[in-house]
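User: I've got this model open and want to know what stands behind the labels. Can you take me through them?

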Amino acid sequence: MYIVVPEDKEISTYPHNRATKRITLLHCISTDGSSCDPMIIVPRFTLDDEIFDEITTQSVLFRSQIKGFCTHELFTDWMINKFLPYLTYQRKKYNYTGKAIIIMDGFKGHEKSLETLENVLHEFNLKIILIPPHSSDQVLPLDLFGFN
């Protein structure tokens, strides 16, 4: 970083505020290379209009949470409104009715949502595999290839 200052000023340090607002992306990719529409969680109730030049509300589920975190309610919302329709489409596309497996991290919000969605998971023949804590950067495809 370069800072332009008058020659007669001695500045050896420059304060930098690293506190940033968090946003969360909830996304899913399939082994066939396709992906389910994501959810973007922002810490405010409004979005800048410019974001809609790049992203449409038909392809992304926008939600708000005061700290920008995913909660079990938001995860459940995404599962019902985005993931399950995607899974239904994929099953029709491939004429497949067998078990589907979701591999995801053990975030507490996921675990609580899975308890809430237990009947739905059974109905859709879904098996959930939770990976060990602190290993997502080593085993999840999005962490290995997308966010890397």
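User: What makes the separation of phenylalanine 83 and tyrosine 86 about one helical turn?

Analyst: They sit 3 residues apart in helix α1 (residues 72–94), so that's about one helical turn. Helices here are DSSP runs (H or I, at least four residues; strands are E, at least two), numbered from the N terminus. Bear in mind that this is a predicted model: local features need pLDDT of at least 70, side-chain atom pairs need 80 or more, and totals for chains, interfaces and linings use all residues. Residues are numbered from 1 along each chain as its sequence is written, and side-chain values use heavy atoms, leaving out hydrogens and water.

User: Why is the pair of tryptophan 78 and phenylalanine 83 called tilted?

Analyst: Rings of Phe, Tyr and Trp (its six-membered ring) pair if their centres lie within 6.5 Å; planes under 30 degrees apart are stacked, over 60 edge-to-face, the rest tilted. The whole structure has 3 aromatic pairs. In this one the centres are 5.8 Å apart and the planes at 35°, so it's tilted. Phenylalanine 83 also pairs with tyrosine 86, tilted too, at 6.2 Å and 50°.

User: How do you know whether tryptophan 78 is buried or exposed?

Analyst: Buried means under 20% relative accessible area, exposed over 50%, partly exposed in between (1.4 Å probe, protein chains only). Tryptophan 78 has 4%, so it's buried.

User: And why does isoleucine 129 count as partly exposed?

Analyst: Its relative accessibility is 34%, so it falls in between. Isoleucine 129 lies in strand β5 (residues 126–130).

User: What makes aspartate 53 exposed?

Analyst: Its relative accessible area is 62%, so it clears the exposed cut-off. Aspartate 53 is in the loop between β2 (35–42) and β3 (61–64).
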